[in-house]
Structures are given as C-alpha cells and as structure tokens.
Amino acid sequence: MLVFPNAKINIGLNIVEKRPDGFHNIESCFYPVGWSDALEITLAENFSFHSDGITIPGNAANNLCTKAYEMLRTNFKLPPVKIHLLKTVPIGAGLGGGSADAAFTIKALNQLFELGISIEEQEKYARLIGSDCAFFIRNKPMYCFEKGDRFDSIDINISGKWIVLVNPGIHISTVEAYSGVVAKRSSENLRNILREPITEWKGRVRNDFEATLFEKYPLLGEVKEKLYGLGAEYAAMSGSGSTLFGIFGQEQNVKHHFPDFRLWQGFLK
C-alpha cells in the first residue's frame, strides 16, 4: 500500500498556558497542505523500516512509523511488514511531517489489514505518539486546542488560494522554541478573526513563537517580509518554525526569489 503523508501549517498559534504535566495548551488552526512524503507498506518475512530522501535523525527503532506499527501490533495480530519512507517534508520545520508519517501508518495498517479501528480510536492511538499526530487522522482544517491534540470545526474560507512554503533549512527543536516564550491568553478570539476575510488577518493572527525566534534567527523575519513584498495576503511562520508561508490570491511563481531554500507551492483545498 502506498500513501502520501502531507504536511500542515498553523494559521495562528497562541500559547495559552503551561500545563502541570510540562506541556503547553495552545490555540491554533491546523490546515493541511500538499507538501508530502511517500510511505509504502508491504508484507514481509520480518519487520523493517527504511527511509530515503532527507536524512532522519536516530535509528529505525525510534522512528514514529515504527512506533505506530509496534503500538498496533500489541493489540492486533499484525504480520511483519516492510515500511519504506521517502522523506521530502523538512524535519524540525513546523510542518508536522513526522506526525503525519505516524498517523498515515496507523491509517494504512488499519486499511491494509482491515482492522476496523474507528476514526476516534485511531486518534486515540495517534495521541500516544505526539501532540499533533491525531490531526492527520481526519486531515482537514480544524481549530486545535489543549496540547494541539483536541479539535473542533472551524469556519475558514481559503480554499483555492495559492500558498508558498519556504524552508530556510534552520532546524528548530520544540524545546528550543518553547524556551523563549511566555504563555498568555490572546486578547482576540482566533476563531472569530479567521471568519473574517484574509486581508484582515495581518497583525491580528499571530504565531507566538515568532517574537523570540525572529530575534534569534533574523533570516526568518526577512523571509516573512519578502513574502508580503511579493504580494502575499497573509504570511507567517508555521508551528515552532522554521518554515514560513505566504497565502496569495492567485497562482504565483516565486521560486527564483528563494533559490537557496526548500520550497513548495500549490493550491489550498
């Protein structure tokens, strides 16, 4: 079975409060985008995981796809499989690429072996792997809260807009990103703002990680301003960085403006 785990962007990211368990409660809109990995699962004599493309840190036993398989294997009689991942979504980039790979592994195994796991149960399994992993089970625009693993519907209308994703190759860990922020509630309701036209978002739909990370990595702020200079209706950093995105009213060809960075562009669904 061949599937294509896609990335997501954060449209707005408010860090609301620190939790007793050490995590943070957030508010954000998670929105799927077309930048994708390729994940193939086939029957095998022995389990194995192999990846090509972007080098994934760590060993195969610690990969999130492996963890997803092993987790399901404890509750279902899964045969050995070979998992092959072609990694193209940047790592440590605020795009949820690793979480998507794990979620799509759960979905693919459920379908391939007809396990009959409900959507809700798949989300429960995904939450055990990572905070934003469960989002990719339904894989549609959602308002996300608590650790980013609880969801509600959201009224947002940007389907058909053109998006440009720019990754400057700066790896930012979650620990590094959170070390510079002070949790506080936003003065404006994110869900209400996102109901308004996209032209009303600038300066109001914020990513709380930007302030400290832009100071530490000035290049990030420069890319954001360049996207606005190219005509983006809205631009921001996704997640804890370092990918920046710009949303445009119509198709653009901006590849030559970012010759040294990883780039993906396409229409939003």
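Mentor: Start with contact: it means heavy atoms within 4.5 Å. Keep in mind that this is a predicted model.

Trainee: Which residues does Ala100 touch, not counting residues up to four places away in sequence?

Mentor: Pro5, Asn6 and Phe136. Ala100 itself sits in helix H2.

Trainee: Why is Ala100 called buried?

Mentor: Buried means under 20% relative accessible area. Ala100 has 0%, so the label holds.

Trainee: What makes Pro90 buried?

Mentor: The cut-off again is under 20%. Pro90 comes to 5%, therefore it counts as buried. Pro90 lies in the loop between strand S6 (81-87) and helix H2 (97-112). Beyond neighbours within four places in sequence, Pro90 is in contact with Trp35, Ile54, Leu95, Asn167 and Arg262.

Trainee: Where does UniProt place the feature "binding site"?

Mentor: The unreviewed entry lists Pro90, Ile91, Gly92, Ala93, Gly94, Leu95, Gly96, Gly97, Gly98, Ser99 and Ala100. From this set, the lining of the largest pocket takes in Pro90, Ile91, Gly92, Ala93, Gly94, Leu95, Gly96, Gly97, Gly98 and Ser99.

Trainee: How many cavities of 30 Å³ or more are there?

Mentor: The count is one. The largest cavity has a volume of about 30 Å³.

Trainee: What makes a space a cavity rather than a pocket?

Mentor: In a cavity a 1.4 Å probe fits but cannot get out, while a pocket is open.

Trainee: Which residues line the largest cavity?

Mentor: Asn14, Ser186, Glu188, Leu190, Ile193, Arg204, Val205 and Arg206. That lining divides into three nonpolar, two polar and three charged residues.

Note on methods: Residues are numbered from 1 along each chain as its sequence is written. This is a predicted model: local features need pLDDT of at least 70, side-chain atom pairs count only at pLDDT 80 or more; totals for chains, interfaces and linings use all residues. Side-chain values use heavy atoms; hydrogens and water are left out. On a 1 Å grid over the protein atoms alone, a cavity is a set of points where a 1.4 Å probe fits but cannot get out, and a pocket is an open set with protein on both sides within 12 Å along at least five of seven lines; lining residues have an atom within 4 Å of a point. Grid points are joined across faces, edges and corners, and a volume is the space filled by probe spheres set on the points. Ala, Val, Leu, Ile, Met, Phe, Trp, Tyr, Cys and Pro count as nonpolar, Asp, Glu, Lys and Arg as charged, and the others, Gly among them, as polar. UniProt positions are given in the numbering used here, feature names are shortened, and annotations may be inferred rather than shown by experiment. Helices (H or I, at least four residues) and strands (E, at least two) are DSSP runs, numbered from the N terminus. Buried means under 20% relative accessible area, exposed over 50%, partly exposed in between (1.4 Å probe, protein chains only).
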